[in-house]
Amino acid sequence: MSKSVFHLDLHPIAKNSWTIDTALHDLITEAIQKRAKKVEIITGKGSGQLMKRVKKFLDQKNIKATYKRIDVDSKNHGRLFVYFG
């Protein structure tokens, strides 16, 4: 049975670039393996730099090919959702 939503809160690792990329990669990989419908990534509101970093990661050609779309939460611009097939 697959879990439909996976969560990743980047607050605890926001200052470590390598850890952020690793956590995002691991999240996407696990979501694909477990056939998740979507993942939730929490960046926090802050200055918006972490959200930009996450979007840049998700925009990489090899990553972008794995999901259908991303949406920033309309009620909380400090989190976004990545939707899979």
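Tutor: One term to start with: a residue is called buried if its relative accessible area is under 20%, and exposed if that area is over 50%. Keep in mind that this is a predicted model.

Student: Okay, which residues of helix H2 are buried?
Tutor: In H2, which spans residues 49–58, they are Leu50, Met51, Val54, Phe57 and Leu58.

Student: How do you know that they are on the same side of H2?
Tutor: They cover an arc of only 120° around the axis, so they end up on the same side. Over on the other side, Lys52 and Lys56 are exposed.

Student: And what do the buried residues of H2 pack against?
Tutor: Their partners are helices H1 (17–33) and H3 (61–64), plus strands E2 (38–42), E3 (69–72) and E4 (79–83).

Student: Why is tyrosine 83 called buried?
Tutor: Its relative accessible area is 19% and the cut-off is under 20%, so tyrosine 83 counts as buried. Phenylalanine 81, at 12%, is buried too.

Student: What makes phenylalanine 81 and tyrosine 83 an aromatic pair, and a tilted one?
Tutor: Their centres are 6.4 Å apart, and the limit is within 6.5 Å. The planes are at 45°; stacked needs under 30 degrees and edge-to-face over 60, so the label is tilted.

Student: What makes you say that the charged end of arginine 69 sits over the ring of tyrosine 83?
Tutor: It is 4.0 Å from the ring centre, and the distance cut-off is within 6 Å. Lysine 38 lies over the face of phenylalanine 81, at 4.7 Å from the ring centre.

Definitions and conventions: Residues numbered from 1 in each chain as written. Predicted model: local features only at pLDDT ≥ 70, side-chain atom pairs only at ≥ 80, totals over all residues. Heavy atoms only, no water. Phe/Tyr/Trp six-rings, centres within 6.5 Å; stacked < 30°, edge-to-face > 60°. Buried < 20%, exposed > 50% of the residue type's maximum accessible area, 1.4 Å probe, protein only. Lys NZ or Arg CZ within 6 Å of the ring centre and 35° of its normal. Helix = DSSP H or I, 4+ residues; strand = E, 2+ residues; numbered from the N terminus. Arc of directions from axis to C-beta. Contact = heavy atoms within 4.5 Å.
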